[in-house]
Amino acid sequence: YKDLSAYVEVTTDDVILRVDKKSGAITYMDDNGKILLVERANECRVISDAAGKTKAWQFFEFRKQQLYSPGMGGKEGLQLTGKAYYISASGDDKELPFILSDKGYGILIASDKPAVCCDIPAYGSYFAVEEEQIDFYFIAGKNSQSIFGNYNKLL
């Protein structure tokens with residue numbers, strides 16, 4: 001890791017994380033330093049409690065990328081760019097919500113409670129879950145096969 005004046009940078013084999021010391025916002029980069037995903041600088045994460053329901057919000061700046069919720073368990077996938085959808089499993093389906101980007105990463109949301117992914121500019125880009133904390137895995141990969149390979153290692 002590197003501790004610099006404005007941020008801390010953590011480097012692994014596949015991903016570089018740059019954490020802004022002032023806001024706590026994380027910039028996710030591939031192993032070459034190319035930006036994959038950026039958390040929103042102001043209020044990058046929010047926990048709210050309204051009407052007795054706690055909800056955790058994770059805000060991003062999805063930049064010029066296509067987002068998908070791949071079809072799991074035989075279901076057809078959803079194109080998420082510019083839209084908002086529940087991406088939670090339903091019924092007896094135990095799969096966790098998953099967001100896949102054409103920029104070389106996936107986000108596996110570690111919650112079996114209702115999850116929403118929104119990429120509508122008027123509302124902001126985020127995912128939200130009915131949880132008291134945000135828990136997700138950022139999965140980097142050179143292509144969708146390697147991302148799904150790493151996804152399967154988590155199961």
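Is K113 buried, partly exposed or exposed? With a relative accessibility of 38%, K113 counts as partly exposed. Keep in mind that you are looking at a predicted model.

- K113 pairs with E131 in a salt bridge, and their closest N and O atoms lie 3.8 Å apart.

**E39 and R45**
- The side chains of E39 and R45 form a salt bridge, with an N to O distance of 2.5 Å.
- E39 is buried because its relative accessibility is 2%, and the cut-off for buried is under 20%.
- R45, in contrast, is partly exposed, at a relative accessible area of 36%.

**R40 and E43**
- R40 and E43 also meet through their side chains in a salt bridge, at 3.8 Å from N to O.
- R40 has a relative accessibility of 21%, so this residue counts as partly exposed.
- E43 reaches 53% relative accessibility and therefore counts as exposed, the cut-off being over 50%.

**A network of three**
- Which residues are linked in a network of salt bridges? They are K2, E9 and R18.

Notes: Residues numbered from 1 in each chain as written. Predicted model: local features only at pLDDT ≥ 70, side-chain atom pairs only at ≥ 80, totals over all residues. Heavy atoms only, no water. Salt bridge = Lys/Arg side-chain N within 4 Å of Asp/Glu carboxyl O. Buried < 20%, exposed > 50% of the residue type's maximum accessible area, 1.4 Å probe, protein only.
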